Amino acid sequence: MSDTTGHHTAGLRSGPGITEQCFPTPHLAVRGTADQTRVRVFATEQARAAREVHDRIATRLSGLPTAGRVVVLTAAYDAVVRWRRAVAVSGDARYDSAGRAAGARYAVTLDQDGPNLDRLGGARLRADARWDTATRRWTGGSSTPASRILDAYQRAALARFAVEAPDSDVLDNQVTLPSGGRVAGNTLLRGAVARDAAEALAERLYARRGVSQVETAGDLLYAVTAPDRSRRLMFAEAMTVLATAGHGDTAAWWQAAYLLYQAPQYKKGSDAVARVFLVAVGTALLGRPVVLPHDLDLACMVLGQTAVVAGPLACGGAA
């Protein structure tokens, strides 16, 4: 990576247009026919936000030292956070069982409310799946892009367990920082540990939103976000990687993408924030439109740093 200002900003001034094609429909978001139209509309909104961020970066970074570029990039990321929150508030009029606006969850940080747990695999996202109250399991239904991609990443996670932690229910994902050193990244849970985590999650969801249909038995597998301190370090590292990257530095973009997905800040909305920010900055950095892998979030949570930063990704994620 280069820290030469002229070399860096040349690409920023010549970044091509950003369209909704840069935001392929995530398979995880498609659970029925109606979802495809809704997600395509959201891709248009993401592209509009990314263009605004791109223009803001292109006009403000020229001539700045590394520290100044970090400030500008961080401010741009924060602007995307505010955009995502505003979209959520304007588009979701629902309230939870305690009378709290659903959109308010987009302002709650992981520092405040604890880590996120994301389920991998399972029948929950199959079309017409049914909740069996006797077994407390989702059953039946037909596969969807969402269920297939989660099944693919469940297999990928189990493959990592087989190699890296065959005798454990916990796989701690270690992240190497480009500047040196390692920090604890996210964690994969299976077996009894995953079932304990599911029990705790079910209690929280019922208390907060009255949700009672959470599987707590069977072959569960979860990805859990990284510790607070690690997330802060990885976010700062991502900003520095981008601030010091030379024009066309694809490796820097992949490193930053992985670090940002390991370092979400909020309970909800972090995926869209990362996508908009990475397209805007990546298009500027590489001098061509960045088209995101539809499953970039899952890849960064499951596959491990080495697999992700090598890019392009492959996890059997085709619909």
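Colleague: Let's start with aspartate 297 and arginine 275. What do their side chains meet in?

Modeller: A salt bridge, with N to O at 3.4 Å. Keep in mind that this is a predicted model. Aspartate 297 belongs to helix 10 (residues 296–302) and arginine 275 to helix 9 (residues 270–286), so the contact ties together parts that are 22 residues apart in sequence.

Colleague: Is aspartate 297 buried or exposed, and which is arginine 275?

Modeller: Look at relative accessibility, where under 20% means buried. Aspartate 297 has 11%, so it counts as buried. Arginine 275, at 4%, is buried too.

Colleague: Which residue forms a salt bridge with aspartate 169?

Modeller: That's arginine 190, and the closest N and O atoms are 3.9 Å apart. Aspartate 169 sits in the loop between helix 5 (145–164) and strand 4 (170–176), while arginine 190 is in strand 5, so this pair links distant parts of the chain, 21 residues apart. Here aspartate 169 is partly exposed at 28%, whereas arginine 190 counts as buried at 18%.

Colleague: How many salt bridges does the count come to?

Modeller: The count comes to 11. One of them joins arginine 232 to aspartate 111, with 2.9 Å between the closest N and O atoms. Arginine 232 is in helix 7 (residues 228–243) and aspartate 111 in helix 4 (residues 110–113), so parts 121 residues apart in sequence get tied together. Arginine 232 is partly exposed at 49%, and aspartate 111 is partly exposed as well, at 41%.

Colleague: Which residues do salt bridges with shared partners join into one network?

Modeller: Asp111, Asp228, Arg231 and Arg232.

Colleague: Now the strands. How should I read the side chains along one?

Modeller: In a regular strand, side chains alternate between the two faces of the sheet. Take strand 6 (residues 221–224): Leu221 and Ala223 are on one side, with Tyr222 and Val224 on the other.

Colleague: Are those four residues of strand 6 buried or exposed?

Modeller: All of them are buried, so both faces of the strand are covered.

Colleague: Which strands pair with strand 6, and how do they run?

Modeller: Strand 1 (residues 117–119) runs antiparallel to strand 6, joined to it by 3 bridges. In that pairing, leucine 117 stands opposite valine 224. Strand 5 (residues 182–190) also pairs with strand 6 in the antiparallel sense, over 4 bridges. There, leucine 189 stands opposite tyrosine 222.

How values were computed:
Residues numbered from 1 in each chain as written. Predicted model: local features only at pLDDT ≥ 70, side-chain atom pairs only at ≥ 80, totals over all residues. Heavy atoms only, no water. Buried < 20%, exposed > 50% of the residue type's maximum accessible area, 1.4 Å probe, protein only. Helix = DSSP H or I, 4+ residues; strand = E, 2+ residues; numbered from the N terminus. Pairing = 2+ DSSP bridges. Salt bridge = Lys/Arg side-chain N within 4 Å of Asp/Glu carboxyl O.
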